[in-house]
Amino acid sequence: MQPARSITLAALVGLAGCIETGPTPPVIPPMCEVSADCDQGEMCDEGVCWGDPPAQLTFAAVIVPPTDRPDLAVTEIPALDIAQDGTISNLAFAPSVTVTGRVSLACPVSGTQEGCGIDTSIAAQITVTRAATIPGGPAFSRHIVSAAGVGTGDAAFSLVLPKITGDGPGYEITVLPGVEGEDSIASIAPPLRITFGGQDDLEGAVWLVGDPDHFRLAAGRVIDAAGRGLSGMRVFAAADRGGQRVRVSSLSTTSATGAFVLSIPLDFRDPADLVVKPGPEVIAPTLVVSGVTLPVAMPSDTGPAPLGDLTMPSYPAPAAFSLPISGPQSSGEVLPVSGAQVELSTVLSEEGAQTVTFSTMAVTGEDGTATAMLIPASDENRIYHAHIASPPTSELASLFDYEIPVATSAGVLEQITLPVRVATSATVESASGEAVAGATITASAGADLLSGLVGDDLARVQSTRFPQTTTDDGGNFVLWLDPALAGHDAIYDFEIVPPAGAGAPRWSTQCVHIDGDSPLGSLSLGEMILPPAAYARGEVTASGEAIPGAEVRLYEVAADSGAAHLRGLWQSRDDGTVWIVLPDP
């Protein structure tokens, strides 16, 4: 088959996201009547030339069971066995193990605690993770909520996980007491972390949180600059886990005197950050004290180990400020921008290991104005940093780290005029040169750009809402793209998802550069050429039984980088068979 052409500004590489699923296979136009009509020794069947898979590419898969088969586990297949005639022979669900049980709250040594004891369960969030077995593929992750009020003999949660065989990595289970938005249980018990080998079933487990034999106590106060206690503040200890700050202690809400008590697991020995955040009804800064060595033990006769006072600096009372945002339209008018998400943040103080920040979010209304409660200046203007995310369909660009002076009293902030996005166009064609109509095109921040970002800049770019469009009858599309992201010239990836009727492979372009210093206007990327397709098929099974409605996610494992790129997603038919379109560049 002919090699794929490439556009000037981008190399054709991996695909991620934005893939439609359905219970039927791709609608492949009739290609043959007999095998002699096919090239490269392919086999003709059902009007399709099957086989001749690309020998230079390695494909992996993840198969997800249908919702009516909770007995099956999500299964990773690190290498698909694709025969020359396109038959995939190893689309089988792996053996599984079952984990069932309850999460219970230990009763205190003295006093009473409603809902405690192993005879009933509490609500908890359970997260199960494991390293990927597909090189460069997504890590295994499962999140469920364990029910409250389930008594002895019944299960409050049930998990079906792929069985671990040989030297495969085990599972890390995190039990977070309580549920989103409720602090009562989280204030008593710290998270529980469990290592599970995954070789055998684990039924009737009782995971006890808040057991005083498993944690130590530490206490302190949150006070203001005058030494007065601050009430309604949430306090917890956090540590880095996989590049994210996660809670490792109980969550305590300060009393009227600013007092708090934290429960810390006995086996936690790493330095931690002490985080003080305002409660849901409190407008106040966030205080972080980094690198704190938490007390290892506490004398039994003296109560919790002391953490001392966490002092919030003095600051003026919050006041209402409005921020008007507008931008030029293609018509030449400058109009208000509605629906823009605005994040405003400032550093109140930074001394040694202690940092005090304030941030808030707002959205512009129909009049283009965002209104927010801000901590004003004490004397001179206070500088806030604004991140303004323009709606993805807008012709106006987002702004990162824009400095806004805030005065000493409430009022209207300076008018912000957003810059214009770049009208970026291209034509999508098949390998045979035909226009691909109805293809879904989605832009995203390029991997090369993301690899150079850290901290807030990385988080903001990753959370940016990027545009999506569909090619017209001529295969043409236009996307309005920001010329700069987080202060860097923008680099984009484009996901290309042909409609099912095209019979073409999903593909993408990467590393499309847009120079933020160049005059704004339009950028033509020319032709985006999809590679030729090879067709494969297999039967999804479990212990020899055909499984209809299973989801098959196809990955290509890049030999040079070891990264796994999502290449497509399909569902098995009623007879368990699945048709897959492979890229054959």
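Guide: A cavity is a set of grid points where a 1.4 Å probe fits but cannot get out. Rolling a probe the size of a water molecule over the atoms shows where empty space is left. Please note that the present model is predicted.

Visitor: How many cavities of 30 Å³ or more does the structure hold?

Guide: There are two cavities of 30 Å³ or more. The volume of the largest cavity is about 40 Å³.

Visitor: Which residues line the largest cavity?

Guide: The lining consists of Arg421, Thr464, Arg465, Phe466, Pro467, Trp480, Leu481, Asp482 and Tyr492. By class, five of these lining residues are nonpolar, one is polar and three are charged.

Visitor: Let us turn to sheets. What is the strand order of the open sheet that contains β7?

Guide: A sheet is read through its pairs, and two strands pair if at least two bridges are found between them. The order here is β10-β7-β13, an open sheet of three strands with mixed pairing. Because β10 (157–162) and β13 (202–209) each have a single partner strand, they stand at the edges, and one side of each is left without a neighbour in the sheet. From one strand to the next, the twist averages 30°.

Visitor: How many bridges join β7 to β10?

Guide: Strand β7, residues 96–105, is joined to β10 by six bridges, and the two run antiparallel.

Visitor: The remaining topic is charge pairs. How many salt bridges does the structure hold?

Guide: A salt bridge requires a side-chain nitrogen of Lys or Arg within 4 Å of a carboxyl oxygen of Asp or Glu. The structure holds twelve salt bridges. One of them joins the side chains of Arg537 and Glu46, at 3.5 Å from N to O. This pair links distant parts of the chain, 491 residues apart: Arg537 lies in strand β39 (residues 533–539), and Glu46 in the loop between β2 (43–45) and β3 (48–50). Arg537 and Glu46 also belong to a network of salt bridges that includes Asp45.

Visitor: Is Arg537 buried or exposed?

Guide: Buried means under 20% relative accessible area. Arg537 is buried because its relative accessible area is 17%.

Visitor: Which parts of the chain does the pair of Asp273 and Arg245 tie together?

Guide: The side chains of Asp273 and Arg245 meet in a salt bridge at 3.2 Å, N to O. Asp273 lies in strand β19 (residues 272–278) and Arg245 in strand β16 (residues 244–247), so the pair ties together parts that are 28 residues apart in sequence. Asp273 counts as buried at 17% relative accessibility, whereas Arg245 counts as partly exposed at 49%.

Visitor: With which residue does Glu551 form a salt bridge?

Guide: The partner of Glu551 is Arg553, with the closest N and O atoms 2.7 Å apart. Glu551 is buried, with a relative accessible area of 16%, and Arg553 is partly exposed, with a value of 30%.

Notes: Residues numbered from 1 in each chain as written. Predicted model: local features only at pLDDT ≥ 70, side-chain atom pairs only at ≥ 80, totals over all residues. Heavy atoms only, no water. 1 Å grid on protein atoms, 1.4 Å probe; cavity = no way out; pocket = protein on both sides within 12 Å on 5 of 7 lines; lining within 4 Å. Points joined across faces, edges and corners; volume = space filled by probe spheres on them. Nonpolar A, V, L, I, M, F, W, Y, C, P; charged D, E, K, R; others polar. Helix = DSSP H or I, 4+ residues; strand = E, 2+ residues; numbered from the N terminus. Axes fitted to C-alpha atoms, helices over the stretch in contact; angles between N-to-C directions. Buried < 20%, exposed > 50% of the residue type's maximum accessible area, 1.4 Å probe, protein only.
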